[in-house]
Amino acid sequence: MNSIRRKILTFTTIVIVIMSIIWIALTFYNYKTQVKYNDILNRYLILSDVSRSSNQVITDLNNYMNQSTPENFQKLESSKKVLESARYEVFKVRNEVNDFTLTNYIHLMGSLIETTDRLMGLERDSEAAVKDLAETARIGNYISDMTLTLIDMELKTHEPFYRGIMEQSIELVKLAIWMILLTSLLLLLATYWFSLSITRPVQQLTKAASELAKGKFDNEISVKSNDEIAFLAKTFDHMRTNIINLIQQIKEKAKLEHELQQNKILLQESHFRSLQSQMNPHFLFNTLNTLSKKAYLEGSEEISDLLVSVADLLRYNLKQIDRSVTLRDELIVVNQYMQIQQARFTDRLQLKLDIDDSCLDVAIPALTLQPIIENAVIHAIEPNINGGIIAIQVKDLTEYVLVQIEDDGIGMSEEVITQILMERQVQTAGHSTGIGFSNVVKRLRLFYERDDVIHIESSLGSGTAVLLQIPKQRGEIHD
Amino acid sequence: MKKYMYTILGLVFVSLCYLIFVSANIVFSNDIALPKAKKQTDSRYRLVLITRDMDTTFWNKVGMGASRQAVKEGASLEIWGSYSNNSEQFLKKLELAIHSKVDGIIIQGLDTDEFKELTKVKAAFNGIPIITVANDVPMKESLRRTYVGSDQFRAGGLIARQLLNEMGTEGNVVLLSDEQKEYYQNERLKGIYATLKVYPNIKVQYAETAESKDQVITTMRDQLNQMPDVDAFIAVNANMIGPMVQEIGKRSQVEPYFIYTFDDGPESLPLFEEGKIDGVVEQDPETMGEVSVQQLVKWLNGETVPLDINGYFTKIRILKDNRNE
């Protein structure tokens with residue numbers, strides 16, 4: 001992830017490569033021209049060499065003819081050798097244009113050497129010698145002339161080349177200018193794009209950062225590049241989402257706290273209400289006692305008893321709520337309740353008790369049976385003009401005590417039973433006793449910590465049986 | 001705005017690329033072809049054609065024929081020479097050719113001692129064959145291998161006969177010749193005399209002059225003074241026809257005179273075209289060139305040894321001026 005560095009390196013490399021290519025091309029061109037140029041120059045030198053060495057031969061020959069000293073002879077020999085080697089060199093100059101002339105040239109040198117050789121064999125002052133000496137001089141002149149001719153020829157031959165070189169050198173300057181312009185243009189553009197590729201992501205990032213600073217966390221930070229900035233942006237974006245999450249969490253926490261606050265307020269309210277509701281029953285209870293005394297004093301003993309039962313029921317209700325009691329206590333309460341109900345229904349309500357006394361010590365939540373009985377009274381007795389029978393059975397079934405409350409009313413539908421057992425409130429016409437039944441189920445299950453503690457057997461029109469299976473163990477431990 | 005920028009940048013880029021392409025093409029083009037270097041000369045024979053009258057129509061034609069034949073034979077041929085009959089330069093070229101050891105020399109003959117010395121002694125000493133062309137020199141004096149060109153004796157006869165045809169067998173004729181008395185001119189003269197001598201009524205006046213223009217004019221003046229009733233002129237040396245016609249023109253009309261010459265002078269044919277000359281002996285210079293090269297190569301190859309001493313004659317014909325008829 002060092003792509004900015006890579007970018008810079010690539011950029012520099014490209015620049016260097018371009019420069020190198022230009023440099024190499026120009027050097028190559030220079031070298032080529034130089035080689036050609038040297039080649040041509042060399043030709044001139046070879047030709048002028050011939051002229052010079054042939055002149056030297058003639059000079060030495062003259063000297064030798066004037067003074068035939070060994071020293072002069074030596075000189076002549078050596079200059080002849082120089083001419084020979086120059087003659088050999090001349091072969092290099094041969095080309096298609098100067099072929100004929102060059103051959104003549106070479107032969108001329110041959111003639112010069114031959115004549116010289118011949119002359120050296122002759123007597124100094126003989127007529128032939130004088131003639132030959134003159135001839136060597138003429139040949140020398142011919143060689144010089146021909147050298148000029150050849151050089152002229154060379155010039156003519158190479159004229160297009162020289163003109164080409166001149167044209168090329170002018171063009172080279174132009175080429176250099178165009179190259180510089182083009183390279184500058186390209187470099188400027190490349191630099192512009194290159195810097196843009198670095199600064200644009202930075203700008204994007206800066207913009208995103210300032211938006212974040214303003215508190216806008218919704219916009220996604222995206223930087224389209226493949227360098228460190230993109231990495232930075234990605235990290236930044238990650239941070240943004242984290243912040244969003246944190247804010248979300250804080251909001252939820254605040255909401256929860258708010259709800260908790262509300263609940264606390266509600267709890268306090270309900271507490272207050274319950275306290276208040278406790279006040280009323282005591283007041284009611286005392287009033288009932290007073291009423292009972294009054295009824296007794298006025299001779300209505302039955303009403304007095306009823307009022308006592310109601311008061312007892314009320315007291316039990318007030319005292320024992322949220323506490324476990326024995327089945328015996330519960331049955332007493334049921335009894336009292338039934339006395340009250342019988343005062344209402346008289347003969348229509350019949351209560352059958354079949355109780356195994358040995359089982360009466362099991363623990364049971366307070367006010368468990370009463371709501372069930374009440375339910376039975378409401379659903380079985382009340383609607384029926386002929387009344388009905390409520391049978392309560394308590395049986396010892398070794399492991400648990402079975403309490404069966406049976407009526408011969410209209411029965412319950414499966415649906416209602418299911419709803420009751422699911423501890424839901426059952427809406428029944430006119431009464432809201434469904435709440436009571438559901439509460440009973442709930443409390444029983446909580447108390448015994450098992451679900452199968454209550455069963456309801458019923459079908460429409462054939463009465464209802466509520467079966468409570470009260471474990472013995474539980475009761476003993478809790479009491 | 002951005003679009004404009006891009007367009008401009010694109011244009012600049014493209015034009016720069018184009019300019020670079022053009023310049024680079026010129027700079028790096030290798031089309032300056034230098035002549036190919038050679039190790040050995042590949043033509044079999046190196047021949048030289050030497051003349052004293054470079055760049056005249058006649059000798060250009062000889063050169064053309066010779067070059068063409070040389071290409072055919074695979075020999076290389078160079079044409080050397082001097083201008084305006086400069087003998088000194090001409091002889092220098094001959095000597096140069098001998099010292100250069102060319103394989104053969106085709107040369108316009110020059111009837112001087114120096115020339116003969118060079119051909120007879122130097123060339124023969126170096127074993128270089130010499131063929132004279134157009135203008136011959138005697139074989140014995142020059143040791144030339146052969147001669148290629150017109151039969152000058154016959155050419156003289158031809159011109160004399162034409163004179164007889166037009167002028168009739170009676171009249172005065174001025175023959176203008178060269179002081180140098182070159183062999184070919186002598187032949188022409190011989191031819192003319194041989195034809196004319198049978199007509200006693202034709203009076204021939206022979207004049208010699210140097211070749212320079214002033215000399216020719218002076219001589220012509222003398223001749224015209226000496227023989228006012230002259231009827232015809234023959235320029236044996238064709239180079240003299242120009243000043244001759246000029247001098248005649250100064251005196252009177254050129255038309256009445258019968259003027260004849262040969263075609264190897266630079267002014268012969270133009271004057272004939274103008275109608276100032278009545279007849280020109282036309283030779284065949286191209287064939288001369290061709291045959292000379294051909295014979296020389298034959299000799300060098302050893303196919304025809306020796307060559308015909310008398311020479312190989314090329315065609316001649318007389319050009320007549322038909323306007324008078």
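Me: Where in chain A is Glu449(A) found?

Reply: In this predicted model, Glu449(A) lies in the loop between helix 10 (434-448) and strand 6 of chain A.

Me: Why is Glu449(A) called exposed?

Reply: The relative accessible area of Glu449(A) is 69%. Exposed means over 50%, so Glu449(A) is classed as exposed.

Me: What is the phi of Glu449(A)?

Reply: Glu449(A) is not a glycine, yet its phi is positive, at about 55°. Most residues other than glycine have a negative phi.

Me: What is the phi of Ala134(B), and where is Ala134(B) found?

Reply: Ala134(B), also not a glycine, has a positive phi of about 65°. Ala134(B) sits in the loop between strand 4 (130-133) and helix 5 (139-142) of chain B.

Me: How do you know whether Ala134(B) counts as buried or exposed?

Reply: The relative accessibility of Ala134(B) is 1%. Buried means under 20%, and therefore Ala134(B) counts as buried.

Me: What makes Ser292(A) buried, and what is Ser292(A) in contact with?

Reply: Ser292(A) belongs to helix 5 (residues 228-297) of chain A. Its relative accessible area is 5%, which falls under the 20% limit for burial, so Ser292(A) is buried. Neighbours within four places in sequence aside, Ser292(A) is in contact with Ser304(A), Leu307(A) and Val308(A).

Me: Which residues of helix 9 of chain B are buried, and what covers them?

Reply: In helix 9 (residues 241-251) of chain B, the buried residues are Ile241(B), Gly242(B), Pro243(B), Met244(B), Val245(B), Glu247(B) and Ile248(B). Their cover includes strand 6 (171-178), helix 8 (213-226), strand 8 (232-235), strand 9 (258-262) and helix 10 (268-274) of chain B.

Me: How do helix 3 of chain A and helix 4 of chain A cross, and why is the arrangement named as it is?

Reply: The axes of helix 3 (residues 99-121) and helix 4 (residues 127-214) of chain A come within 9 Å and cross at roughly 160°. Angles over 145 degrees count as roughly antiparallel, so helix 3 of chain A is roughly antiparallel to helix 4 of chain A. The crossing is left-handed. The residues of this contact divide into 14 nonpolar, seven polar and three charged.

Me: What makes helix 4 of chain A roughly perpendicular to helix 3 of chain B?

Reply: Helix 4 of chain A and helix 3 (residues 87-99) of chain B pack at an angle of about 90°, with their axes 11 Å apart. The range from 65 to 115 degrees counts as roughly perpendicular, and therefore these two helices are so described. The contact is made by Glu135(A), Arg138(A), Ile139(A), Tyr142(A) and Met146(A) on one helix and Lys92(B), Glu95(B), Leu96(B) and His99(B) on the other.

Me: Why do strand 2 and strand 6 of chain A stand at the edges of their sheet?

Reply: The open sheet has five strands in the order 2-4-5-7-6 (chain A), with mixed pairing. Strand 2 (349-355) and strand 6 (454-458) each have a single partner strand, so one side of each is left without a neighbour in the sheet. On average, neighbouring strands are turned by 15° against each other, direction ignored.

Me: How many bridges join strand 4 of chain A to strand 5 of chain A?

Reply: Eight bridges join strand 4 (residues 388-397) to strand 5 (residues 400-407) of chain A, and the two run antiparallel. Ile405(A), in strand 5 of chain A, is the bridge partner of Ile392(A).

Definitions and conventions: Residues are numbered from 1 along each chain as its sequence is written. Chains are lettered from A and ligands numbered from 1 in the order in which they are written. This is a predicted model: local features need pLDDT of at least 70, side-chain atom pairs count only at pLDDT 80 or more; totals for chains, interfaces and linings use all residues. Side-chain values use heavy atoms; hydrogens and water are left out. Axes are lines fitted to C-alpha atoms, for helices over the stretch in contact, and angles run from 0 to 180 degrees between N-to-C directions. Helices (H or I, at least four residues) and strands (E, at least two) are DSSP runs, numbered from the N terminus. Angles under 35 degrees count as roughly parallel, over 145 as roughly antiparallel, 65 to 115 as roughly perpendicular and the rest as oblique. A crossing is left-handed if the near helix is turned anticlockwise from the far one by less than a right angle, and right-handed if clockwise. Ala, Val, Leu, Ile, Met, Phe, Trp, Tyr, Cys and Pro count as nonpolar, Asp, Glu, Lys and Arg as charged, and the others, Gly among them, as polar. Two strands pair if DSSP finds at least two bridges between them. Contact means heavy atoms within 4.5 Å. Buried means under 20% relative accessible area, exposed over 50%, partly exposed in between (1.4 Å probe, protein chains only).
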